[in-house]
Amino acid sequence: MLNYTLRRLLFAIPTLIVISFIIFAILALAPSDPTGNLPLTIPAEVREKIRIALGLGEPLPIRYLKWLQQFFINEPLHAIEQMFGFSFGGGEARTRVVSFATRGPVMDTIMERMPQTLWVVGLSYVVGILIAVPIGVISAYKQYSWFDQVGTFVSMVGFSVPTFFTGPLLIVIFSVQLGWFPSVYDTTLEVNSLGTFWQQIKQMIMPVTVLAFYNAAQISRFMRASMLDNLSQDYVRTARAKGMSEKVVILTHVLRNSLIPVVTVIALGIPTIFSGAIITEQIFRVNGLGQLLIIGIQGADIPMVQTLTFMFAVLIVLFNLIADIVYGLLDPRIRYD
Amino acid sequence: MTDQAVSTADTTKLGAQRTLWGDVWRQFVQHKGGVAGTIVFMTIVLVVVFGPFIHTVDPQFLDIRNKNLGPTFAHPMGTDNLGRDMFAQILAGGRITLAVGILAMGLSLVLGTLVGVVAGFFKKLDGILMRTTDLFLALPLLPLLLVIIMLFRDPLRQAFGPEMGIFMLIVFVIGITSWMNTARIVRGEVLALKEREFVLAARSIGTKSWTTIWRHIFPNVLSPVMVSATLGIANAIITESALSFLGLGFPSDFPTWGRLLFDGTSFMTVTPIRVVWPGVMISLVVLSINYIGDGVRDALDPRIRGR
Amino acid sequence: MDVTDLRTVFHTQDGVVHAVNGISFHLEEGELLSVVGESGSGKSVTMMSLLKLLPIPPAEIASGTVMFDGKDLLQMELEELREIRGGKIGFIFQDPMTSLNPVFNVGFQIMEPLKEHLGLSKKEARKRAIELLELVGIPGAADRLDDFPHQFSGGMRQRVMIAIALACDPQILIADEPTTALDVTIQAQILELIKDLRKKLGMAIVWITHDLGVAAGISDRIVVMYGGFVVEHAKVDDLYKRPLHPYTRALLATLPSEDGGEERLKSIRGTPPNLGAAPTSCPFAPRCEHAFDRCHKENPALERIEGVHDVACWWDVEKEAPRHAS
Amino acid sequence: MRKLKTLVLATAAASCFAATAAQAERGSAGQLNIVYWQAASILNPFLSGGTKDIDASSLILEPLANYRPDGSMDPTLAEEIPTVENGGVAADLRSITWKLKKGVTWSDGSAFTANDVVFSANYCMHPEGGCNAASNFADVESVEALDDHTVRVNFSVAKPFPYGPFVGATSPVIQEAQFKDCMGAKAPECSEANFGPIGTGPFKVNEFRANDVITYTANENYRDPNQPAFATAVFKGGGDAASAARSVLETGEFDYAWNLQVEPEILSQMEAAGKGKVVSAFGTSVERLMVQLTNPDPALGDLRGTVEGGPHPFLSDINVRKALSLAIDRQILVDAGYGPAGQVTCNVLPAPAIYASTANDACKTQDIDAANKLLDDAGWAKGGDGIRAKDGVRLSILYQTSTNSVRQGTQALIKQMWSQIGVETELRNIDAAVFFGGDQSSPDTFQKFFADIEMYTNNFDGTDPEAYMGNWVCSEIPSPANQWIGNNMPRFCSEEYDALSKEMAQTASLEDRAAMAKKMNDMLMQEYVMIPLIHRGRVSAHSNKLGNVELNPWDSELAYAEEWTR
Amino acid sequence: MPANAETLVRAENLKVHFPIYSGIFRRQVGSVKAVDGLNFEIKRGETLGLVGESGCGKSTAGRAMLRLYELTDGRIDFEGVDIAGLNKGDLRDIRPRMQMIFQDPQACLNPRMTVGDIIAEPLIEHTKMSSKEQREKVKSLLESVGMNPDFVNRYPHEFSGGQRQRIGIARALALEPDFIVCDEPIAALDVSIQAQVVNLLQDIQERMGLTYLFISHDLSMVRHIADRVAVMYLGRIVELAPKEQLYKDPKHPYTKALLSAVPVPDPEVEKTREHIVLQGDVPSPANPPKGCRFSTRCPVAKDKCFVDDPEWRKIGDGGFVACHYAE
């Protein structure tokens with residue numbers, strides 16, 4: 001297992017380098033320009049100067065190498081310095097990855113965004129799972145029952161209705177008509193009392209619902225399929241022959257086996273939490289990582305987009321590995337070596 | 001092998017000609033959801049294909065003085081904020097949306113199956129192809145889409161005209177970014193099939209690799225591919241609507257259901273009916289296709305087929 | 001245990017499959033009854049029907065009674081039946097690979113019925129589990145309790161299955177082709193073990209097999225099934241010395257002779273019956289060399305010939321004549 | 001139009017009412033909630049050209065003078081507006097001397113001096129700084145502090161309009177003490193300063209979250225002890241215009257929403273909820289069609305879209321251009337896409353009033369017949385497919401603009417109008433970051449203009465049109481030689497126009513300047529090299545509870561937030 | 001069996017090892033020695049039975065004989081030609097002469113092809129028959145394996161196990177081979193069907209003069225069909241002898257144990273018979289025991305057995321054994 005993990009990690013390095021280059025090249029080739037969103041009143045010469053000040057004057061390979069150094073050496077060093085409070089030599093000369101739009105270090109902005117993204121998108125993922133697993137279990141156990149039919153129907157609708165529709169719909173109903181929940185998410189809210197806690201709950205309900213609905217739709221399908229696979233296995237018969245109650249048979253024997261593939265699917269989906277939910281974040285102004293990415297793309301904030309997308313790529317590679325390892329841990333039959 | 005009482009039922013009617021697909025079809029017909037899905041889907045396809053011959057209003061015609069109408073006799077689904085007839089737009093949008101869905105799915109299946117089969121069958125190519133697949137999975141798609149569309153829009157427009165060009169581009173973009181799962185599934189299936197004795201039998205005869213793939217591997221991976229196919233259409237339709245949301249989709253005078261839904265969302269409170277139609281159409285298609293997929297999967301599953 | 005007129009059908013796309021068609025047999029305390037038959041003869045379905053272990057639907061137990069300890073298992077509430085399953089009646093299945101839950105260690109799986117039926121504490125259950133593993137001859141029992149099924153070899157896995165089935169000291173052990181998936185030398189080990197356990201524990205055993213050789217070695221009585229019917233029933237010596245049903249005879253004849261002679265094997269023509277239609281004739285008639293008119297019209301009932309020897313056939317193989325003039 | 005009037009009246013009434021409330025104590029009105037659907041990414045206007053960033057920082061940083069909502073200049077940190085009359089502007093027009101208010105302090109308590117002003121100029125003029133306001137400092141030779149409260153700006157040429165530096169929110173004064181280590185290439189490294197500048201304005205930064213939200217608290221050192229009325233302010237960003245409008249007009253969560261580019265029927269419906277009102281004001285923005293006078297045929301390769309590539313196959317015919325303009329019903333475009341935010345216009349220079357020409361107003365009414373006749377007479381005959389052609393050249397137009405739903409609506413309407421005069425149109429929309437970006441490698445920029453018609457809005461800062469009208473001189477034609485930099489998109493070139501432009505740069509008299517500007521505007525209009533469509537206003541919404549608010553189209557909308565009350 | 005017939009196939013030091021990779025760099029750390037040095041020959045027209053328990057490498061050996069696996073070492077002479085060294089093209093030319101019948105009648109037929117197409121596949125690959133000729137040939141093949149030739153358009157799932165196995169045999173016969181490897185052809189069949197298939201195989205052998213390598217774990221069936229029998233244990237042949245000799249007088253202790261483990265369908269014999277019950281399980285072929293491979297389970301093992309690998313030596317009349325103490 002350890003060997004396997006190390007090997008995979010080792011293999012991840014060239015993969016990530018290739019990915020980083022592709023990302024970099026794609027974004028550099030992309031015909032969008034950070035000065036494109038400036039007002040037209042700014043003359044072209046000034047734009048050119050701005051572009052050079054942003055470092056766009058240098059050739060692509062140099063920019064790539066610079067970015068590599070910033071991302072892989074300067075940023076981690078900076079993070080360590082921040083964490084432990086001591087400084088490596090030459091800390092002053094180290095440049096970090098700096099955004100075109102904010103002119104501030106990209107990483108700081110990303111870190112600032114992390115909490116709300118994790119809260120809202122992460123919670124919706126958790127809620128989605130919590131809804132999906134029982135639905136999937138019951139749907140499979142009572143295959144073709146009315147519960148199964150309704151569950152299938154609802155999850156299909158959840159899958160097919162885009163969040164750019166459900167979000168505004170909820171806002172119109174619950175913010176405008178009923179006035180129950182705020183339509184704008186307050187990212188500065190600090191939860192320090194029961195009142196603010198309640199406020200936090202209220203502002204999270206709608207975005208979490210929208211996303212959880214979508215997530216639950218997909219995971220419940222997986223859960224159902226996996227349960228169906230296992231319900232027809234021989235060991236289920238053995239468990240029944242041992243005189244185990246249906247509850248134990250389903251919730252211990254079958255569920256444990258069925259969860260193995262589902263847990264890996266869930267693990268594979270975790271990077272999407274970090275990539276945020278672009279549309280939902282826009283609609284509710286949660287302003288998490290997804291919103292940061294889309295703003296970056298729209299504003300041609302190349303360092304921001306590069307860093308974010310590369311981080312997602314790292315997460316995807318990492319969680320692919322984690323999913324495999326989790327599979328190995330959950331399923332004693334699998335031993336990687 | 002003791003409780004095979006069930007499968008011996010297969011030998012029942014040796015007199016009648018029965019094919020595997022015949023069995024699948026018979027099973028599929030038993031699946032209520034699948035049949036209902038097929039009926040709904042076919043109805044939508046027929047309406048979308050033949051509707052414009054009956055409802056002959058030009059979907060692009062702007063009748064600004066009749067904007068934001070509710071359903072009327074002349075405009076069964078009302079009009080939008082520029083006075084375009086919604087029904088005509090739904091019909092026109094449906095043609096494009098369905099065509100995109102089906103073709104993009106086709107492309108992603110062809111790619112996915114090809115990569116999956118080759119990776120599964122040729123051990124030497126497995127590593128590189130699977131790493132490529134991982135790479136595609138790990139690549140951030142949004143910027144990639146942006147770049148592909150920027151880079152290839154003009155040449156394609158030159159070659160095939162503005163509508164066909166962007167259509168091909170979008171089909172291509174959705175196809176190229178959605179084949180990875182199919183490839184993984186197919187590869188897994190091929191790895192298992194490769195160990196099956198009939199493939200060994202083919203080798204013992206001396207059948208060449210590509211012939212073996214075509215004759216023995218390919219027909220047997222069709223069932224997972226069919227299931228991915230049904231899901232693929234739904235996925236492509238939803239991806240197209242997301243592209244419209246991001247402003248990367250078709251030109252604005254080229255309606256698709258995704259775009260109609262997105263445009264209608266802002267008018268949700270003014271003319272609610274405007275969001276209902278495209279929303280219902282997308283949901284209906286995705287639902288019906290998923291039910292068809294369920295039906296196909298159940299029909300292809302030998303365990304269930306036995307029952 | 002007394003089984004009368006058990007019928008089980010499956011509802012499939014192709015119509016109703018009559019898997020078990022009115023089977024009756026009884027099992028005495030401490031004896032070993034073998035049920036012999038080919039695939040599709042209904043022997044496994046019969047045993048599963050006894051404790052309602054078949055998935056319902058598609059299966060349906062159409063009729064019959066299974067009297068055990070004075071109660072009809074088929075009429076019992078599920079809760080009560082659960083007490084019997086694993087508690088009074090233990091089950092061993094054919095494929096030890098798939099019959100054990102792959103994600104739980106064997107200790108858990110042995111201890112489960114102990115806790116459920118005997119109400120043992122975790123500690124007691126563990127102690128008992130070790131005893132059980134030792135009983136079925138697994139070396140290093142205490143250490144292997146935490147191992148997972150895949151870490152055992154096929155034979156060892158089947159021993160674990162036996163340990164689970166024996167966990168609560170059942171009165172009856174139903175073994176569904178327990179050695180079919182095993183190699184001969186391992187099969188020999190398991191057979192030795194069973195013989196040994198019978199001596200020690202004295203429970204009654206129903207042994208399902210298709211191997212006449214295995215049945216010969218361990219049985220007290222044998223039931224031969226074909227097409228969902230019992231076609232012959234006899235004490236073990238009687239059956240092999242004096243098979244009365246043409247099917248039993250043919251089955252014995254197909255086995256290669258011990259001296260490996262050059263002569264051709266005797267084979268039974270045709271294929272096993274399909275069970276799609278409710279049987280109206282003798283199921284073996286199409287393959288039977290003695291079949292005559294009546295066989296195609298009427299299905300013979302099981303009838304006692306002498307002592308403990310029943311057969312269901314219109315033809316008297318010993319006299320080479322129809323059994324009853326009709 | 002009637003609606004607009006009522007709006008204006010309502011605004012006026014509100015400000016009357018607010019005048020009394022303005023006497024309230026500092027901080028008595030609680031929190032001011034502002035929503036911008038584009039989030040602010042930085043609070044240093046020199047490093048960002050984004051309106052959102054400039055507006056957000058205008059609550060903190062102040063220039064020497066601001067523009068009032070009526071377009072007049074108003075001293076902010078200066079004692080008065082320097083003019084030739086009061087001696088502040090030198091007679092040779094080559095320098096301007098600002099007298100600073102005394103007793104002004106930065107929010108950290110330190111004194112505001114002329115050195116800060118000088119420093120701000122040096123900061124922006126640093127060649128490696130990439131300052132966005134560099135054009136404000138065009139032709140500035142030096143800025144010097146004559147004493148602690150006097151600053152002189154010296155120009156290298158005569159500047160008839162010397163109010164570039166330090167006027168308007170785009171070129172405020174920053175604190176030397178805070179920014180002195182952030183000059184030039186180091187500018188981006190000073191995140192702390194860029195995210196939390198110390199200013200003289202009514203608020204100071206409490207917390208800055210890039211691209212998300214800014215919280216402010218009232219500046220306790222602000223020069224007017226009663227201002228601002230609000231103790232705190234929140235500047236929330238993100239989302240889209242419609243939902244921003246909703247949060248002010250329907251849910252009342254916010255007090256002020258900016259730039260509501262939303263279809264008019266949606267806005268009026270939201271307004272009906274009664275929580276707030278929609279206000280609009282008109283600056284100099286004109287949505288217009290640019291006509292490509294050179295040939296954009298891809299077959300030309302490198303010569304595509306350049307003067308060298310030859311004239312456009314059909315748009316070089318003025319009759320075609322005129323017919324295109326005649327065929328457009330501008331009022332429909334306004335009604336469909338702009339509502340209160342738009343007015344029909346026939347000028348590329350529609351405001352301020354003294355510069356607005358009335359010579360071209362005929363275009364306000366659509367005249368399909370005249371357009372058809374014009375084309376018929378010019379020999380463009382309709383073919384079998386209903387499309388006009390002459391000598392094998394079909395009137396088939398590729399019409400591009402940036403991606404934006406209102407623009408796409410306008411495109412569709414115009415396409416249909418043109419089809420009535422036998423012109424075929426293909427629509428294309430391009431992401432704004434690409435369209436307005438200067439990426440040399442992209443064929444889709446508005447400067448390369450590889451299309452027949454393109455549409456966008458342009459305007460100018462402040463109230464002086466000199467530089468703006470200078471956009472259409474010959475030397476401004478984009479071409480590969482100047483890396484496609486240049487603002488003369490139609491590739492219009494006229495000696496007469498160039499001469500007028502030069503003359504204007506030498507003229508100080510406002511009346512003369514106005515006459516010249518009108519003449520230049522009329523030349524462009526009568527040549528139909530640009531087809532103006534809509535005079536676009538700013539549309540914002542504010543809560544009914546907010547008082548003393550007036551929408552300011554000439555400067556930051558928040559430039560006078562210190563006067564707002566509840 | 002012709003008395004002194006020529007040798008058709010000869011395996012010499014046949015080895016098939018499957019590498020095991022491990023560690024971070026996937027270095028080969030060992031190998032599963034599935035087949036580890038087999039020596040035997042099969043005479044034309046003879047049936048050699050190859051018996052052993054699951055995992056002993058008998059199927060691997062059978063497949064290696066047709067070079068469906070690449071050999072690690074050794075050679076296979078087919079009519080004097082070493083097929084282990086042939087290139088792809090030559091191998092393809094020789095394929096029609098050697099065919100295989102598989103264990104699982106379910107898995108060895110492509111479920112998506114009709115019976116006619118399955119049987120015709122070798123004809124398409126190796127002959128230039130017209131499709132009509134192919135049809136005829138397929139029909140005659142079906143007849144020759146005792147099936148109704150009208151079944152050509154059916155799919156495999158419509159047939160019972162025995163019928164499927166006949167189809168598999170028909171496919172193997174299509175190119176009229178000389179040598180057929182029968183890989184447990186009856187293991188998955190019901191008792192009553194097994195006899196049918198075995199009879200068929202024998203009939204065909206007589207008719208076409210075929211040579212069989214008959215792989216099975218069923219000792220009594222092998223006794224019936226084979227002329228000589230080889231017993232495999234853990235990748236090696238431990239004993240090879242004419243069947244009468246092997247069954248009557250087994251030399252190797254493993255053979256003895258194996259024979260005694262087979263239950264006899266006669267209760268009286270069973271009651272009196274003494275069983276040699278082997279203890280424990282077969283060791284892993286990745287890590288076979290030192291010395292004699294059977295030493296860990298051998299009831300009569302002595303010290304030497306744990307150290308020295310026994311020699312493959314001739315014993316009795318035409319028999320071979322690998323045991324230090326066999327006499």
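## A buried lysine in chain E

K251(E) counts as buried, because its relative accessibility is 13% and the cut-off for buried is under 20%. Keep in mind that this is a predicted model. Where does K251(E) sit? You'll find K251(E) in the loop that runs between α8 (243-248) and α9 (253-261) of chain E.

What does the side chain of K251(E) hold on to? It makes a polar contact with the side chain of D249(E), at 2.6 Å. Leaving out residues up to four places away in sequence, K251(E) also touches E239(E), K256(E), I315(E), V321(E), A326(E) and E327(E).

## Where chain A meets chain D

Now over to the interface of chains A and D. Here 51 residues of chain A are in contact with 59 residues of chain D. The two chains bury about 4,100 Å² between them, with 53% of that on carbon and sulfur atoms. How many salt bridges cross this interface? The rule finds 0. Polar contacts do turn up, though: 14 residue pairs across the interface, counting pairs with both residues at pLDDT 80 or more.

Which helices of chain A are involved? α2 (44-53), α4 (106-141), α6 (163-177) and α11 (289-298) each supply at least two residues of the side of chain A that touches chain D. The largest share comes from α2(A), with 9 residues. Sorted by class, this side of chain A has 23 nonpolar, 18 polar and 10 charged residues.

## Aromatic pairs

Over all chains, the count comes to 53 aromatic pairs. Take F435(D) and Y456(D): their ring centres are 6.4 Å apart and their planes stand at 75°, so this pair is edge-to-face. The pair links distant parts of the chain, with F435(D) in helix α12 (residues 432-435) and Y456(D) in strand β18 (residues 453-458), 21 residues apart. Buried or exposed? F435(D) is buried, with a relative accessible area of 0%, and Y456(D) is buried too, at 1%.

Y456(D) also forms an edge-to-face pair with F446(D), at 5.1 Å centre to centre and 80° between the planes. This pair again links distant parts of the chain: F446(D) lies in the loop between α12 and β18, 10 residues from Y456(D) in strand β18. F446(D) is buried as well, with a relative accessible area of 3%.

Notes: Residues are numbered from 1 along each chain as its sequence is written. Chains are lettered from A and ligands numbered from 1 in the order in which they are written. This is a predicted model: local features need pLDDT of at least 70, side-chain atom pairs count only at pLDDT 80 or more; totals for chains, interfaces and linings use all residues. Side-chain values use heavy atoms; hydrogens and water are left out. Contact means heavy atoms within 4.5 Å. Buried area is the accessible area (1.4 Å probe) that two parts lose on being put together, summed over both. A salt bridge is a side-chain nitrogen of Lys or Arg within 4 Å of a carboxyl oxygen of Asp or Glu. A polar contact is a pair of N or O atoms within 3.5 Å; within protein, one must be able to donate a hydrogen and the other to accept it, and residues adjacent in sequence count only if both atoms are side-chain atoms. Helices (H or I, at least four residues) and strands (E, at least two) are DSSP runs, numbered from the N terminus. Ala, Val, Leu, Ile, Met, Phe, Trp, Tyr, Cys and Pro count as nonpolar, Asp, Glu, Lys and Arg as charged, and the others, Gly among them, as polar. Buried means under 20% relative accessible area, exposed over 50%, partly exposed in between (1.4 Å probe, protein chains only). Rings of Phe, Tyr and Trp (its six-membered ring) pair if their centres lie within 6.5 Å; planes under 30 degrees apart count as stacked, over 60 as edge-to-face and the rest as tilted.
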